[in-house]
Amino acid sequence: MAIDQDRLMEFLGRFVGDLGATMAAGNVLVGDRLGLYRALAGKPMRPETLAEHTGTHPRYVEEWLRGQAAGGYVEHDPAEGTYWLNDEQAFALTDPDGAVFLPGAFQLAVGALRNERRIAEAFTSGAGVGWHEHDPEVFTGCERFFRPGYAANLVDAWLPSLDGVVGKLQAGARVADVGCGHGASTVLMARAYPNSTFAGSDYHGPSIEEATGRAADAGVGDRVRFGQASAQTFDGGPYDLVTTFDCVHDMGDPLGAARHIREQLAPDGTWMIVEPAAADDAAANLNPIGRVYYSFSTFLCVPNALSQAGGYALGAQAGEAAIRRIASDAGFTRFRKVAENPFNMVYEARP
């Protein structure tokens with residue numbers, strides 16, 4: 001075998017970066033869990049000072065800081081021996097309610113990887129692995145990962161892009177949030193539109209319990225109800241608006257879900273579909289964002305779809321054409337893409 005040394009070294013360089021990133025994921029979670037990032041926000045500290053402020057051991061902190069500086073997650077002044085977060089690092093690492101919160105993504109990834117053996121077995125058997133069969137960190141991490149993007153876009157950009165929906169919400173609409181998880185999207189909408197009522201549903205019982213508590217904590221529990229149900233069985237219609245956030249591609253029977261959503265909609269109702277950003281051609285998704293989505297999809301989305309009846313396994317990079325086809329086959333006569341950003345595409349489907 002003739003080995004091109006330059007190509008080999010280029011590949012090994014990619015490997016080193018990936019291996020460092022893999023281990024860095026756990027270190028990011030340690031920094032988040034112990035408040036190390038928050039303590040470093042704009043405050044240069046030596047390792048022993050940071051350890052004192054956070055109730056941690058200075059030798060552990062010193063090693064952690066060196067790794068964080070090597071990865072570009074903290075700043076370092078070798079002359080002073082201090083470390084700190086610049087404004088951009090602090091923005092992305094310390095505020096779970098901000099527009100970007102990176103620890104949530106790492107929490108989701110680390111939680112998913114705990115099921116590696118089970119996923120490897122599924123590769124050979126073809127069996128599915130349901131969402132409910134994953135580590136609890138997956139559910140918490142998923143909410144922490146997606147909520148900042150929803151908070152930044154849902155009320156200010158996505159809902160206004162829908163035809164006539166904001167006016168209905170302001171006047172008082174009935175909304176179903178299907179596949180709501182911990183209820184982040186449901187609560188965001190309920191807080192923004194106090195005249196409307198909201199029904200969140202998810203097949204995962206523990207998530208529904210968590211969502212109920214979060215709605216109460218947010219002061220919207222009187223206008224939000226949560227119930228355990230699948231996308232093919234939720235009830236309570238007719239609804240003026242049905243929403244699905246990053247979940248249609250996870251379903252084994254998205255066509256059945258789409259048909260049921262149409263049945264639950266009012267005649268002039270709207271289905272808002274939020275899905276991961278993706279091109280229809282897989283080759284166009286072979287980029288860093290596509291790599292993230294395909295990797296998560298291999299562990300979470302496709303296994304969940306294969307665990308359910310229906311015969312679909314769209315995956316997280318399904319693309320617009322696949323979602324359009326589902327809506328059309330379900331009887332929706334109007335479909336358009338209304339918004340997009342690097343991570344999401346938003347579609348409007350009307351009966």
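A residue counts as buried when its relative accessible area is under 20%. W158, at 1%, is therefore buried. The model is predicted. The domain assignment of the protein chain gives domain 1 (17–92) and domain 2 (156–287 + 308–350). Their centres, taken over C-alpha atoms, are 38 Å apart. This briefing covers pockets, a cavity, aromatic contacts and backbone features.

**Largest pocket**

- The largest pocket has a volume of about 1,500 Å³.
- Its lining counts 47 residues, and A105, F106, A109, V292 and F296 are the closest to the pocket centre.
- α1 supplies the largest share of the lining, ten residues.
- By class, the lining of the largest pocket divides into 31 nonpolar, 13 polar and three charged residues.
- Domain 1 and domain 2 each contribute at least three residues to the lining of the largest pocket.

**Second largest pocket**

- The second largest pocket has a volume of about 750 Å³.
- It is lined by 41 residues, and W131, G179, D246, C247 and D250 lie nearest its centre.
- α8, α10 (184–192) and α13 are the elements that give two or more residues to the lining of the second largest pocket.
- α8 gives the most here, with seven residues.

**Cavity**

- A search of the whole structure finds one cavity of 30 Å³ or more.
- The largest cavity holds about 30 Å³ of space.
- H249, E275, P276, G315, A316, Q317, A318, G319, I323 and Y347 line the largest cavity.
- Five of these lining residues are nonpolar, four are polar and one is charged.

**Aromatic contacts**

- The structure has ten aromatic pairs.
- One of them joins Y150 and W158 edge-to-face, at 6.1 Å centre to centre and 65 degrees between the planes.
- Y150 has a relative accessible area of 7%, so Y150 is buried.
- Y150 also pairs with F245: the ring centres are 5.0 Å apart and the planes meet at 55 degrees, so this pair is tilted.
- The Y150–F245 pair links distant parts of the chain, with Y150 in helix α8 and F245 in strand β6, 95 residues apart.
- Both Y150 and F245 are buried.
- F145, F146, Y150, W158, F245 and F296 form one aromatic cluster.
- F296, a member of that cluster, is also among the residues closest to the centre of the largest pocket.

**Backbone features**

- G237 and P238 are joined by a cis peptide bond, with omega about 10 degrees.
- P238 sits in the loop between β5 (224–228) and β6 (239–245).
- D246 is a residue other than glycine with a positive phi, near 50 degrees.
- D246 lies in the loop between β6 and α12 (254–264).
- The relative accessible area of D246 is 8%, so D246 is buried.
- D246 is also one of the residues nearest the centre of the second largest pocket.

Terms used:
Residues numbered from 1 in each chain as written. Predicted model: local features only at pLDDT ≥ 70, side-chain atom pairs only at ≥ 80, totals over all residues. Heavy atoms only, no water. 1 Å grid on protein atoms, 1.4 Å probe; cavity = no way out; pocket = protein on both sides within 12 Å on 5 of 7 lines; lining within 4 Å. Points joined across faces, edges and corners; volume = space filled by probe spheres on them. Nonpolar A, V, L, I, M, F, W, Y, C, P; charged D, E, K, R; others polar. Helix = DSSP H or I, 4+ residues; strand = E, 2+ residues; numbered from the N terminus. Buried < 20%, exposed > 50% of the residue type's maximum accessible area, 1.4 Å probe, protein only. Domains from an automatic or database assignment. Phe/Tyr/Trp six-rings, centres within 6.5 Å; stacked < 30°, edge-to-face > 60°.
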